[in-house]
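Subject: Structure for your files, with notes

Dear colleague,

I am passing on the structure we discussed, and I would be glad if you read it alongside the notes that follow.

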Amino acid sequence: MAGRAQPRRPAAPPGLLPLLLLLLSAAAIIPRGDGQNLVTEDVTVVEGDVATISCRVKNSDDSVIQLLNPNRQTIYFRDFRPLKDSRFQLVNFSNSELRVSLTNVSISDEGRYFCQLYTDPPQEIYTTITVLVPPRNLVIDIQKETAIEGEEIELNCTAMASRPATTIRWFKGNKELTGKSEVEQWSDMYTVTSQLVLKVGREDDGVPVICLVDHPAVKDLQTQRYLEVMYKPQVRVSQNYPVQGLTREGEPLELTCAAFGKPQPTEMRWLRVDDEMPQHVVVSGSNLLINNLNKTDNGTYRCEASNAVGKSHADYMLFVYDTTATTEPAVHDSRAGEEGAIHSVDHAVVGGVVAVVVFAMLCLLIILGRYFARHKGTYFTHEAKGADDAADADTAIINAEGGQNNSEEKKEYFI
């Protein structure tokens, strides 16, 4: 029985077969070779910028070069782009190089891109695109807008949504400080918060505190806040008259009190320490005037100033000299003390110290003189030992010389 003839399958059109083979070879997963002729480099790019991928052949033999994305989809086959992503653009194509640019890079573009060379055996090498994301925002939060001298305040600086995580540095003026950082990860992004605890003084008022970011995707990114510090007054007393010379009896004295604080002092007053203010003293605001000095005016005069933070004072010690005094004047030196007080230095104290030192040296000389005198007398007594009990002078001489026995020992021979 004759077999039935099998129907023949229609033949593919003559021009379609080479195209099918070409597409199949482009989509096939080619085993990775040693990449001995292929050269490429990893690419690091900031989000939104342009990344350039280069596949180069060291020893070209006109083999086909193609570039694949991380999903192994063909981006470029020779100079043809099958992928419909217009962000990929051909920069250069030759027998020895396929160079492609990718614009407006995003995190989703990160990964391995494959360069393939159709040789026998085929060769493959990959390049890695790393996408950097700078911090979206940089903010300093301060615990207290206005601080009081001596308080500790807390500042927090936050760098949001960066990749990789940001390093935060703190500065007060030009001095770097150390903060404590915490890192939170959201998907592929990082948020970093750094905390700084700072004890403030009056010298910090108006000084900027700077939060600076170290990140490979950005340079010189920083923000700052200026410190506002309240402090109690600084008080100083100065002598207007006499400008130089002694404060003599019968002459005038004029003092001025200056006070600076934040806020500015709201109250200022003069008083006399441990005594009542003389009736002839004239106080006008920050000035104190004594028209006719006398010795009853001697004492310490204090200027007090206060504001919302606290109270401080400065002292001036007055010593009235006789009208005939010609020695150098005492220097009224204002210096800070308790509660910012300023105490003057009296030269009478220095004179008292000198007198005590001189007296101590005289006492020491007297004691040393008596000591040496006593030891000198003892020496002569031993020299004449035995003469005190003698009946007459001859016996005393004999006893003093040690008797006949001693005289034998003291014999001298002359040759």
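Strand 17 is joined to strand 18 by a hairpin that passes through two residues, and the two strands, of which strand 18 covers residues 218-226, run antiparallel with seven bridges between them. Please keep in mind throughout that this is a predicted model. Within this pair, Val-213 stands opposite Leu-221 of strand 18. Val-213, which has its place in strand 17 (residues 208-215), has a relative accessibility of 3% and therefore counts as buried, the limit being under 20%. Apart from neighbours within four places in sequence, the contacts of Val-213 are Pro-135, Leu-138, Ala-159, Thr-166, Thr-167, Val-218 and Leu-221.

A second hairpin is formed by strand 22 and strand 23, with two residues between them, and Gly-285 in its turn has a positive phi of about 65°. Strand 22 (residues 281-284) and strand 23 (residues 287-290) run antiparallel and are joined by four bridges, and Ser-284 has Asn-287 of strand 23 as its bridge partner. Both strands belong to an open sheet of five strands, in the order 11-19-20-23-22 and with mixed pairing. Strand 11 (147-148) and strand 22 stand at the edges of this sheet and have a single partner strand each, so one side of each is left without a neighbour in the sheet. Further in, strand 19 (residues 229-241) and strand 20 (residues 253-262) are joined by eight bridges and run antiparallel, with Val-235 bridged to Ala-259 in strand 20.

Turning to the nonpolar cores, the largest has 23 residues, among which Leu-67, Ile-75, Phe-88, Leu-98, Tyr-113 and Ile-129 touch the most other members. Among the elements that give two or more residues to this core are strand 2 (43-46), strand 4 (65-68), strand 8 (111-117) and strand 9 (123-132), while the largest share, four residues, comes from strand 3. Beyond its neighbours within four places in sequence, Ile-129 is in contact with Val-43, Val-45, Ala-51, Ile-53, Asp-109, Glu-110, Gly-111 and Tyr-113.

Finally, the structure holds 18 salt bridges. In one of them the side chains of Glu-124 and Arg-72 meet at 2.7 Å, N to O, and this pair links distant parts of the chain, with Glu-124 in strand 9 and Arg-72 in the loop between strand 4 and strand 5, 52 residues apart. Glu-124 counts as buried at 4% relative accessibility, whereas Arg-72, at 24%, counts as partly exposed. Another salt bridge brings together the side chains of Lys-172 and Asp-204 (3.0 Å, N to O); because Lys-172 lies in strand 13 (residues 167-172) and Asp-204 in the loop between strand 16 (189-199) and strand 17, the pair ties together parts that are 32 residues apart in sequence. Asp-204 is buried, its relative accessible area being 4%. Arg-169 forms a salt bridge with Glu-176, with 3.1 Å between the closest N and O atoms, and here Arg-169 (28%) is partly exposed, as is Glu-176 (42%). Lastly, Asp-85, Arg-87 and Asp-109 are linked in a network of salt bridges.

With best regards

Technical notes:
Residues numbered from 1 in each chain as written. Predicted model: local features only at pLDDT ≥ 70, side-chain atom pairs only at ≥ 80, totals over all residues. Heavy atoms only, no water. Core = buried A, V, L, I, M, F, W, Y, C linked by side-chain atoms within 4.5 Å. Buried < 20%, exposed > 50% of the residue type's maximum accessible area, 1.4 Å probe, protein only. Contact = heavy atoms within 4.5 Å. Pairing = 2+ DSSP bridges. Salt bridge = Lys/Arg side-chain N within 4 Å of Asp/Glu carboxyl O.
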